[in-house]
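I am keeping these notes while I look through one chain, residue by residue and then as a whole. I write down what I looked up and what I found.

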Amino acid sequence: MKLAALFSALVLGVATFSIQAAEPVIIKFSHVVAPDTPKGRAAEYFKKLAEERSKGRVKVEVYPNSQLYKDREEIEALQIGAVQMLAPSLAKFGPLGVRSFELFDLPYIFPNKETLYRVMDGDIGRKLFSLLDAKGITGLGFWDNGFKQMSANKPLRSVEDFKGLKLRIQSSKVLEAQMKALGANPQVMAFSEVYSALQQGVVDGTENPLSNLYTQKMHEVQKHLTISDHGYLGYAVIVNKKFWDDLPADLRATLDTAMQETTVFERKIAQEENDEALAKVKAAGTTHVYVLPFKDRVVWQKALLPVHKAFEEKIGRDLIQATYLTAAEVVKEKATKAIAPVKKDKPGPVKATKPAKT
Ligand code: LMR
């Protein structure tokens, strides 16, 4: 009798143990944008790769559109372990006390995407991620969205057009200074509240890459859009540090590789999503699209440049200088390529072509 009881306890114990061992690790991935945006699609792509590659040891639950948390709350939720993964915009790390991320918000600092990727993937990106350690956060990768465009219910062509406008911004001191430098009145607001704030006239306008503007239907409540590319919006994919460090090493490596591959995918689709969004905004016919001519872009740039100087101390002079140097390197490389002598191919045999039908 005793033996039988011991046996069934053992069997039960083994059964419970194997159920526990089979329980997948849950990664709650919360974000604030629509599923059909660069970030939304990449979150789903990561889910697919992570679940497949880990052979079910991981389950990724993606919560888009601020379903779980709004901008500021989501970072707090990550720190207390209520969610495990996020991809906040780089403009949203200031309230956490890591102001150097606002480097990415400096107007016109990235002349092209090559410069941006070198900054993200090089020493500057590594330095920024190292600042997150003390906050209980680990950075896994930088995702792209695109350059931001200005919108309002009046045309925004010259700097004077901004005077007195109430413009929604993300929670970044650099963006606040940027709008002030243009003579506008910046209002910090969570992304999920922007559409109704524009609709009700709480704010007059905003800035965002086109994929965000279109998927939030902002074009329905903004009569004018200026393609100004005056600033940049991208993301840092982050995880709760303790959660990440406690994962078995092999699983962490699998997820790391899945994240690297997702980052390649994400950067590839970002521009496509923004190009498509522009076509859709034009087709909707509710918003007049104006492309800021180069001569005016120079004037905007001049008005906004003092913002770089004003934030040297908060962001770090070294980081800003290193970004300028990277930009200069890229420009030089492009120029060298452009003037490199074109190798002339030796004339090959002339291929016979079919005579055209008459
Ligand atoms: C915004 O708040 O405008 C953006 O950060 C939203 C996002 O995550 O792209």
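I began with M85 in this predicted model, and looked up what it touches once its neighbours within four places in sequence are left aside; the list is I27, K28, F29, S30, F46, L78, L140, V237, I238, V239 and M259.

I then asked which residues have the most contacts inside the largest nonpolar core. They are F46, V60, M85, W143 and L255, in a core of 41 residues, and I noted that F46 is also in the contact list of M85. A second, separate core has 34 residues, with L90, I109, L116 and I238 among them. In soluble globular proteins, nonpolar side chains tend to be buried together.

Next I turned to the loop between strand 4, residues 137–152, and strand 5, residues 166–169, where I found R157. Is R157 buried, partly exposed or exposed? I recorded R157 as partly exposed because its relative accessible area is 33%, which falls between the limits of 20% and 50%. Not counting residues up to four places away in sequence, R157 touches H288, Y290, L292 and W300. I also checked R157 against I227, which is 70 residues away along the chain, and found their C-alpha atoms separated by 9.8 Å.

D161 has its place in the loop between strand 4 and strand 5 as well. I looked for a salt bridge and found that D161 is buried yet has none; the nearest side chain of opposite charge is K154, 4.5 Å away, whereas a salt bridge needs the charged atoms within 4 Å. I then looked at the backbone around D161, and noted that a polar atom of its side chain lies 2.7 Å from the backbone nitrogen of R157, and that a polar atom of its side chain lies 2.8 Å from the backbone nitrogen of S158. Leaving aside neighbours within four places, D161 is in contact with K154, P155 and L156.

For the whole chain, I counted 14 helices and nine strands, and noted that 48% of the 358 residues count as buried. Of the contacts with a separation of 6 or more, 77% are between residues 24 or more positions apart.

Last, I checked the confidence: the average pLDDT is 92, and 89% of the residues score at least 70. Where pLDDT is low, the predicted coordinates should not be read in detail.

Note on methods:
Residues numbered from 1 in each chain as written. Predicted model: local features only at pLDDT ≥ 70, side-chain atom pairs only at ≥ 80, totals over all residues. Heavy atoms only, no water. Core = buried A, V, L, I, M, F, W, Y, C linked by side-chain atoms within 4.5 Å. Buried < 20%, exposed > 50% of the residue type's maximum accessible area, 1.4 Å probe, protein only. Contact = heavy atoms within 4.5 Å. pLDDT = per-residue confidence, 0-100. Helix = DSSP H or I, 4+ residues; strand = E, 2+ residues; numbered from the N terminus. Lys, Arg positive; Asp, Glu negative; His and termini not counted. Polar contact = N/O pair within 3.5 Å; in protein donor to acceptor, adjacent residues only side chain to side chain.
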